[in-house]
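Here are my notes on this model, point by point. Please keep the structure open while reading.

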Amino acid sequence: MTGRAAAHGLALSVGMRDALARWLDHLKALDGAAEQTLAAYGRDVAGWLGFLAVHLGGGMGPAALGAVTVSDMRAWMAHERGRGVAARSLARSLSAVKSFTRWAAEREGFEPTAILSARSPKYRRKLPRPLTEASARDVIDTVGLAPRTGWVGARDVAIVTLLYGCGLRISEGLGLTGADAPLPEVLRIAGKGGKERIVPVIPAARDAVAAYVAACPWQMAPDAPLFRGVRGGAVNARVIRQAMQDARMQLGLPATATPHALRHSFATHLLAAGGDLRAIQELLGHASLSTTQAYTAVDQARLMEVYDQAHPRA
């Protein structure tokens, strides 16, 4: 733990610290949670537990969570908002708190209702802003035109073509290795939390990667990164974000035209062309269909059209 979480952690009892560590181990072992996710959850729950220890006047073991009241939860949330924590961040913290509480309640046998009934603060979800089909094509064409080493331009074209053509996260694209080249017709992608999914690879993406591999001066060892930086190491995601920024400035596109926007565009354009929402959910690796719906910038009429066509009683 670092920062505020570490300071709060000083107020935690040994039993509570042990419970928090075991819960995080549980998430890692059974749910396959990513390290960054675990770190964020640990900070969120440690901060909450630290607040309770101070608010209730002393250290407390896991079973004592059964004595936490609705008023205590409101006090914690007010304290967080008073520190300037945004509603969205507080909602995430509350979700982690509830997950930890459910786990602890099953093992300690206390009643968790007061904690679990705490209402998440309302916030306006930011809808993704995909590019138009024409803008996506323009970006792919433009990232390779910057006045620099030719193979670097070929690399950037290959990466953005993969992000748009296969709906990959930038970390997934940059996580490919030499063993993945030449690209097959389908890729097995390890997404968030280590969850695997199968993604078809369009010919344009295979061709773009093949052109980059042919131009790249570095040997494509099976265990080495597929996409290399100018010194031969793995290319940094910041480099690709900068290439996208340069391209969007040349094209007059908004600041929302980022590498991740290409993933949004992949989903939106597939759905607009008649793709099945659940199939797109699988391609993106989303656990929830509602996440996929938020990912696709389609109007309500289009969603209702998909619903009418797919519903068994339609």
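1. Arg155 and Asp156 are both buried, where buried means under 20% relative accessible area, exposed over 50%, and partly exposed in between (1.4 Å probe, protein chains only). Their side chains meet in a salt bridge of 2.9 Å, N to O. The term requires a side-chain nitrogen of Lys or Arg within 4 Å of a carboxyl oxygen of Asp or Glu. Side chains of opposite charge can pair when their charged atoms come close.

2. A word on the source: this is a predicted model, in which local features need pLDDT of at least 70 and side-chain atom pairs count only at pLDDT 80 or more, while totals for chains, interfaces and linings use all residues. Residues are numbered from 1 along each chain as its sequence is written, and side-chain values use heavy atoms, with hydrogens and water left out.

3. How many salt bridges does a search of the whole structure find? The search gives seven. One of them joins the side chains of Arg169 and Glu172 at 2.4 Å, N to O. Both Arg169 and Glu172 are buried. Arg197 is linked with Arg169 and Glu172 in a network of salt bridges.

4. Glu80 and Arg83 also meet through their side chains in a salt bridge, at 3.1 Å, N to O. Arg83 has 39%, so Arg83 counts as partly exposed.

5. Now the aromatic pairs. Rings of Phe, Tyr and Trp (its six-membered ring) pair if their centres lie within 6.5 Å; planes under 30 degrees apart count as stacked, over 60 as edge-to-face and the rest as tilted. By this rule there are five aromatic pairs. Trp23 and Phe100 make an edge-to-face pair, 5.5 Å centre to centre, with 75 degrees between the planes. This pair links distant parts of the chain: Trp23 lies in helix α2 (residues 14-31) and Phe100 in helix α5 (residues 87-108), 77 residues apart. Helices (H or I, at least four residues) and strands (E, at least two) are DSSP runs, numbered from the N terminus. Trp23 is buried, because its relative accessibility is 1%. Phe100 is buried too, at 0%. Ring pairs join Trp23, Tyr41, Phe100 and Trp103 into a cluster.

6. The largest nonpolar core has 38 residues, and those with the most contacts inside it are Leu162, Leu176 and Phe227. α7, α8, α9 (170-174), β1 (186-190), α10 (203-215), α11 (237-251) and α12 each supply at least two residues of this core. α8 gives the most, with nine residues. Such a core is a set of buried Ala, Val, Leu, Ile, Met, Phe, Trp, Tyr and Cys residues joined through side-chain atoms within 4.5 Å. In soluble globular proteins, nonpolar side chains tend to be buried together.

7. Gln250 is in helix α11. Gln250 is exposed because its relative accessible area is 55%. The C-alpha atoms of Gln250 and Thr142 are separated by 8.1 Å, yet the two residues are 108 apart along the chain.
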